[in-house]
Amino acid sequence: MRKIAGHNLRRRLTRSITRPPFRDELGHKGWLKEISRAQQHVVRHLHLEITQWPRWSRPLRIAFLSDFHTGSHSGDVARLNLIIDEASSNTPDLVLFGGDYVNMQLFGGGRVPPGTIAAILSRLKAPIGRFAILGNHDYLYDERAAADALQDHGITVLKDDCCTIRFQNHSIDIIGVPDARYHWSA
C-alpha cells in the first residue's frame, strides 16, 4: 500500500509542477508566483548608418522585439503589454519580431497560449508592416499554433521567405530565416 500511495503522490506532484502548456492566459504561474519575477526589460535605441543604403528625408524607425518567453515569470502578460505600449510610443515604421514568444520551461506552469501573446503583439502597429520568425521555444511547444496565432492577428510569419517593402520610394527585402535546428512543415 505504501508503494502505491507514494507513486500516486509523486504523479500528482509531477502533474502539478509540469502542467500542460498554454493553460494560463494571465501568466500567473500558480504557487511559483512569488519566486518567479522577470527582470526589467531593456530598450536600446540605435542609430545605424549603413554605407550604400539610400538616404531618406527621415530615418526608418524599426522596432525589433524578441525573446519574450511569455509565461516564464509571473506577471508576464502584464509585462508584455507594457513592452508593447513602450514600443508603440516610438511609432515604428516597421516591426520585426525575432521569435521565442512562448515559454518552454517544464516547471511552474504558467504557459500562456500563443493566441493571447499574438493578440498583445498585434497592438503594435507599423505602416510598412509587421514580420516575424519563430524561435526554438516556439518550435518546441507547437510551431503551427505559434505561426497561426501570429498570422491570425495580422503579423506575417516568414520561414525561409522574403518580402519586399518600400520606404520613401526605395525597396528593402525582409528575409525570414528560422532557427536552424528546427523545421516547420508548411
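A surface patch, as meant here, is made of residues with over 30% relative accessible area and no salt bridge, and nonpolar side chains are joined within 5 Å. In this predicted model, L46, L48, I50 and W53 make a nonpolar surface patch of about 450 Å².

Let's look at one member of that patch. L48 sits in the loop between α1 (2-17) and β1 (62-65). Is L48 buried or exposed? L48 counts as exposed because its relative accessibility is 67%, and exposed means over 50%.

## A sheet of four strands

Now turn to the strands. Four of them form an open sheet with parallel pairing, in the order β1-β2-β3-β4. Which strands stand at the edges? They are β1 and β4 (156-157); each has a single partner strand, so one side of each is left without a neighbour in the sheet.

You can follow one of these pairings by eye. Strand β3 (residues 129-132) pairs with β4 in the parallel sense, over two bridges. To find your place, look for F131, which stands opposite T156 in β4.

## Two cysteines without a bond

A disulfide is a covalent bond between the sulfur atoms of two cysteines. How many disulfides does a search of the whole structure find? The search finds zero.

C162 is in no disulfide, and its nearest cysteine sulfur, that of C163, is 7.0 Å away.

Notes. Residues are numbered from 1 along each chain as its sequence is written. This is a predicted model: local features need pLDDT of at least 70, side-chain atom pairs count only at pLDDT 80 or more; totals for chains, interfaces and linings use all residues. Side-chain values use heavy atoms; hydrogens and water are left out. Patches are made of residues with over 30% relative accessible area and no salt bridge: like charges are joined within 9 Å, nonpolar side chains (Val, Leu, Ile, Met, Phe, Trp, Tyr) within 5 Å. Accessible areas come from the Shrake-Rupley method with a 1.4 Å probe; for residues, only the protein chains shown count as cover. A salt bridge is a side-chain nitrogen of Lys or Arg within 4 Å of a carboxyl oxygen of Asp or Glu. Buried means under 20% relative accessible area, exposed over 50%, partly exposed in between (1.4 Å probe, protein chains only). Two strands pair if DSSP finds at least two bridges between them. A disulfide is a pair of cysteine sulfur atoms within 2.5 Å.
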